[in-house]
Structure formats: C-alpha cells, structure tokens
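Me: Could you walk me through this one? I'd like to go strand by strand and then look at the rings.

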There are 2 protein chains.
Amino acid sequence: MTTMKDVANRAGVSTATVSRVLNGHAAPTEQTRTRVLAAIDELGYRPNALARSLRMHSTKTLGLIVSDLLNPFFAEIARAVEDEARAHGYCVVFGNADESAEQQATYVRTLLDRRVDGLLVCPATDDGGWVAEVTESGVPLVLLDRTVDGSTAPVVRVDGTEALRELAASLVATGHERIGVIAGPANTSTGRERLDAFSAALAELGRRPRPEHVLHGDFRRASGAAAAAALMSLPERPSVLVAMDNLMGLGALEELRGRGLVVPRDVGLAVYDDQPWFPLLDPPITVIAQPTVAMGGAAARSLLALIAGEQPADVRLTARLVSRGSCGEAGLVSERASSPFNTAVRTRPTSVSEEDS
Amino acid sequence: MTTMKDVANRAGVSTATVSRVLNGHAAPTEQTRTRVLAAIDELGYRPNALARSLRMHSTKTLGLIVSDLLNPFFAEIARAVEDEARAHGYCVVFGNADESAEQQATYVRTLLDRRVDGLLVCPATDDGGWVAEVTESGVPLVLLDRTVDGSTAPVVRVDGTEALRELAASLVATGHERIGVIAGPANTSTGRERLDAFSAALAELGRRPRPEHVLHGDFRRASGAAAAAALMSLPERPSVLVAMDNLMGLGALEELRGRGLVVPRDVGLAVYDDQPWFPLLDPPITVIAQPTVAMGGAAARSLLALIAGEQPADVRLTARLVSRGSCGEAGLVSERASSPFNTAVRTRPTSVSEEDS
DNA sequence: TCGATCTCTGAGAACGATTACACAGCCAGT
DNA sequence: ACTGGCTGTGTAATCGTTCTCAGAGATCGA
C-alpha cells in the first residue's frame, strides 16, 4: 500500500503538507496543492482510515446491534439507520444478536473495541448488565425498539397502546369471546408492554383473556407455530389469535394452514407488525403497523445528536391498527362471504413504506 | 479511556509485558501474569482494536456489500455470511448499495479505506470498473450471486437453468401459450442469465415468447408492479407471468390483486426466489428456490480461503423448482377448484431454512 | 535598512498497540 | 570464578495519520 510518505516524497513536500491538502486546510499554495494532488493521483493513494481514526479519536462509524437480522422489521430499521447515517457522513457496522443476550454482549464489546463513535442497540432482553460497560467506555448509546433495566440512555420506541385498544374493541365488537394471545418473551419490554396494553384494553371492555389462552413465544417463527398449535389443541380453543410480532404471526399462519384451519372462518388472526405480503393473503391480515423507517431515522438522529454533545429526548412513535378482515371484522366478513374464490382485495394494498413517509 | 500504559503502570511492568499477557505468549511468569490480569480487571481495560489493526495490518473484519438490504434474499445471505465469519473470528461490516452502482463504488472505497481483510460483493451491475481498485489495494475479493465484467475474482452463484427448464416444461404442459416474463435488469448477470435460460428452455420446446411479453424490471417491488400492469394491459395479455425475483414477484402480485385478477384463474404466476410467505398465499405460489444460506456460507468460506492464501474455486449451487399451483399446474388446479374458500395447503409449507440445510 | 508581520512549510511528537533486540539475573558445567 | 545458555522483562522502533510549533522567506511600513 502506498502511504502518505510516498506521496510526500513524490511531490517533494512533507507529510504535513499532504495532510493539509487532503483535509482542505487553508495553508498550502495552489502550486503545491496541485503537485500533491497529482502525486496522489499517480500513486493511486488512499488514506488509511485506521491510522486516521487512531489519531483523531473518531471513526465516523456507528454500531448497530439488531435482535434478529432475518426479521424484516429489523432489516427495515437497519436500512433506515444506514440511510440517515450515510447522509451525515457516517458508516454503519452491523451486529446480529440473534435474540441472544450473550451474542449481543459479544457484539457490544467488539464494537466498543473498534471504537465506534456511537452505539445503537435493539436489546435482546431486559438485562442491562452490558450498559455499564458502554457507559464506562464513554461511547454514546441509544436504545431502539426495546428498553433495558437500569439504563438512562435515550430510547426510540413505538407506542402501541392505542392501536391495541382499537384492536381489542374491534375483536369484542365482532363477537370474539375467546381471544388467544401469542405474546413476545416476558423478558423483553415490547413483549410485556404489548401484552399488558392488550390485556388492559380488554379489561376496560369487561373481558379478561383466560390464562391458558396467553402463551409466550420468542419473537421467531417456530415459536409462533408452536404457540398456535398449543392454543388450537385446547378443548376450548380461541376464536381468534393475536400474534405480537410478524415472525410469530407467520409461524402461526403456517400452523393454521397445516391444520387445515381457514381464517377467519375457523379462527381469526391479527398480527403486530405489518409486512408487504399481509395484504395479499386471503383474507388480508389485520395488523398493527409500526413506522419502521421513522424509527430507524429517529434513532440515528438521536445518536448523532448525542455524539454532538446534545441531550436528545426519548422518542415515542405510535403504531396504528390496519383492519383488513382476518378477524372477521364486521362489513368485511359479509362482503367476503359473497365471493366464491380468492377475490381481489377491496382497496389497493397499502405498502409499509408509504405508511412510513 | 484507559490504555495499555495505564495497565502497565498499575501492574508495575512494561507495556510489552502487558501485551504478552494479553496475547497469550509463553514468556511471562505466573506471578506477573496474575498481577497484570488484576490490573486489567481493576481498570476495566479494553484493548484498542484500531491501534492493534494498524500495527498488525489486519482488522479481522470482512466487508460485505449487498445490492439491497430490504430484499430478504440478501438479508438471508448477509446473515449466513455473518454466521460463518463469526465462527472464524471475523466481524462483518455491511454496506447497502441499493441497486446503485455509484453507491456501491462509494462503499467499496470506504471499506478498502477501513482496511477490511476481505471484500464480499453482490454487484449491482455488470460494470466492473471498481474491481481494479480492489485488486490494486491487494484486498481479497469474492463475488456473490452476480458476476461482473473483466473480473478474475472467485464467484459464488446459483445455477437456475435446470429449474427454469422444468418450469418452462411445466407451463407448456399446463397449456400456457402466452408467457409473460418480468425479467431482471439486462445489465446484471442474473437478470440476463435467468431470462436467457428460460427463453432457451422454451425454444427447446418449440415456443418463443413474444418480444412484447418480455419486460425488464430492476429487481425491486415497484418495477414488478409496473411490468405486471403493462403486461396485463396488452391486447393479447399473457396467461401466466414469470417474475425473476421475489420483490418483483411481490409487486406483480400487488398489481394483479389491485386489478381484481385472480391467480391462477385469470393469470398464472411463478416467481424466482422462494420466501416463507409464498406457500401461504391462495393459491400457494410456484417458485424457484435458491439456497441462500448455503450461498452466504460458501462465499464467506471462499473469502477466508483467499485471505489464507489459497485459491478457492468458483462455487455453483443449483436452484430448484417448487411447484405449488399458482400457474394452474395439473392436479393442483382441480383439487383446488373443489374447495369453495381459502383452503389449507396440501402439504406443510417447506421453510426456506429447511431447504438450505 | 531594519524590525514586524504574515504566509507557507517541515520536523517531530503524539495516538495505542506489537515485537525485535538487548540485557539482567540465575543456574549448571568446567 | 568464569563462560555459556536460559528465562523473563524492558527499551524503543514501528504502523500511517494529524497537528503543534517553530523556522524560512516574503512583504511592508517607518
């Protein structure tokens, strides 16, 4: 590799001058400037970002740890973060925790060791032992989607209470008595909050889901299938399932299909987290949509603000209910029943990206 | 931040000794060893990977540039690459080219500047101008999924000719006369190869798609919808559409639904690239499945081999046809027609991850 | 003509690690 | 007691940048 010294020799100047030219300092003459640039060009010189970072105490890099890269929810967030970061001249290094606290801890350490300028974490669990490590290292931290015990870091999250309240009301209005819930892990904030909000909403309506109708999954496909299987094997099985995450929703759907159960005739289904293909199912799936792009953007901005020495406030975006008929919602059911086959959806499917803008 | 010097002072030794302890050299006494470790522990010292990399000329990092992070196909690949890399003690830095050659070039440069030990690229286009830059820098390069003009780098790709031949045969056998193709961009190897292979297969069967029935998209959702719209607006519209990528397939599906067209009654659909939700549609979508996890793993291994100084051969995996009935395939259609509603799929949906193992 | 001021450039010290080399003890063999 | 071979440790160079500081000319006013 050619270094700055090579360029300096070739141009007949010192490395200091080369550095000044490279960083756009005022000092160098137009003449030396062109000489240096010519040398850089001839040698195909590219500065070593490692050395630069070591000297500058800044890597222009953000670290992002997502709970599960295969979850399109996080993939979209990752993409949004990256867009925002690039717009500010930052690069993003990803880590995939795979919903595992240990793997997450490993990545936190790896990224701290590489001296990222800031860390964005979608925590795998409530356990916040790792936060102390980050705080000690002095690297700015922003939490995304989920919170963590004993952390004072800014949080960017989604409030689904209102949407869940609407969903509960809609289910009750449709006449559902036995509501099955495939909840997220009890040791994640989103897992608990969604379940709590939904339970509270039902309670307001005078209903209370039976304990055996509430199962916890792990935000992944297989657990959704397992939970659906368990729920549908009960003597008094639910008339509708609410999956608190798109992957568990996918698993539940697979399980229902595998059992030959028809949605919503045999059992209704609602899912937390919209995905582009949900409107394409028959019936289209009723979902609670989260503003993923906005989340990623907001998180990146908060982190950049933190890096700039500001004190960004917590961000709380709101999810919203998108009723599509998979719970046998009034009006949609009857309309649907009149068409013999797989019919066209009534409205053009709304894309997630459109919703976010 | 505490540095090695701090540790050395605290333990009453030199930085050399600290380094030796850290890197497991034989030299230090058990006594000094424990003293150093104690100091490290008390100070919460973490080595600076930047300084280490600068000195060692190795970052233990692989760069991965994907064409589009939002495409689940690439998300799965990214995940597989990361798993394999981690197993060998490497970290992965991602870049998202967004199907843009310029953005890809920017990322190539950024990653080279950060001195990644190796580069894995899913090229956005055929243009291989950037390859020279990588070669000059001496950083090992492996191409993934798509090839590039004038490159001698090892390639990991998927051969879909046999699967496409089977698909063509199946479509012809089902009686499809007018076959519409939503092809990938002509300036990508996969875009061309899939179209060529499919056309050749049809030619073998004595058919030849009409020129106006072949449209090129850009491997993204909107282009699939636009192409489907154009094709279905023709006076002699196709009886079946073949989308050469899962996102274009998604777009096409949305468009068909929006127009109130029923698959496969009004028009058949087949898609290149399986996704977990394809089996859940009614009818389940016939696809050509690619071994994504195997691709990512193979690519990472090839790159690591290259870094180790070996000369890995090109890898060519094979895609396979999964017939599900969305093209009105014989046997499936009749069975389907007998059930009035959204029916259960006939076999348990096969998950992508199972297929890859 | 002589400072004073201003502009440009270079020498060299960081940044935080690794490691070649030297050296100080120690023990064994003569 | 002296040599020679170990063993364990420290000194200092090095990686490729940035940046402080100081010096070399040039310009200018008195």
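**Strands and rings**

Me: What stands opposite B:V66 in β2(B)?

Reply: B:V66 stands opposite B:N96. Before going on, please note that this is a predicted model, in which local features need pLDDT of at least 70, side-chain atom pairs count only at pLDDT 80 or more, and totals for chains, interfaces and linings use all residues. Residues are numbered from 1 along each chain as its sequence is written, chains are lettered from A and ligands numbered from 1 in the order in which they are written, and side-chain values use heavy atoms, with hydrogens and water left out.

Me: In which sense do β1(B) and β2(B) pair, and over how many bridges?

Reply: Strand β1 (residues 61-66) of chain B pairs with β2(B) in the parallel sense, over six bridges; two strands count as paired if DSSP finds at least two bridges between them. Strands here are DSSP runs of E with at least two residues, helices are runs of H or I with at least four, and both are numbered from the N terminus.

Me: And which helix goes with them?

Reply: Helix α5 (residues 72-87) of chain B makes a right-handed β-α-β unit with β1(B) and β2(B), where right-handed means that, with the strands pointing away from the viewer, the path from the first strand over the helix to the second runs clockwise.

Me: Is β2(B) buried or exposed?

Reply: Six of the six residues in β2(B), residues 91-96, are buried, that is, under 20% relative accessible area with a 1.4 Å probe and protein chains only, whereas exposed would be over 50% and partly exposed in between. B:C91, B:V93 and B:G95 point one way, while B:V92, B:F94 and B:N96 point the other way.

Me: How accessible is B:F94?

Reply: B:F94 has a relative accessible area of 5% and is buried, and A:F94, at 4%, counts as buried too.

Me: What do ring pairs link into a cluster?

Reply: The cluster holds A:W277, A:F278, B:W277 and B:F278, and both A:W277 and A:F278 are buried.

How values were computed: Rings of Phe, Tyr and Trp (its six-membered ring) pair if their centres lie within 6.5 Å; planes under 30 degrees apart count as stacked, over 60 as edge-to-face and the rest as tilted.
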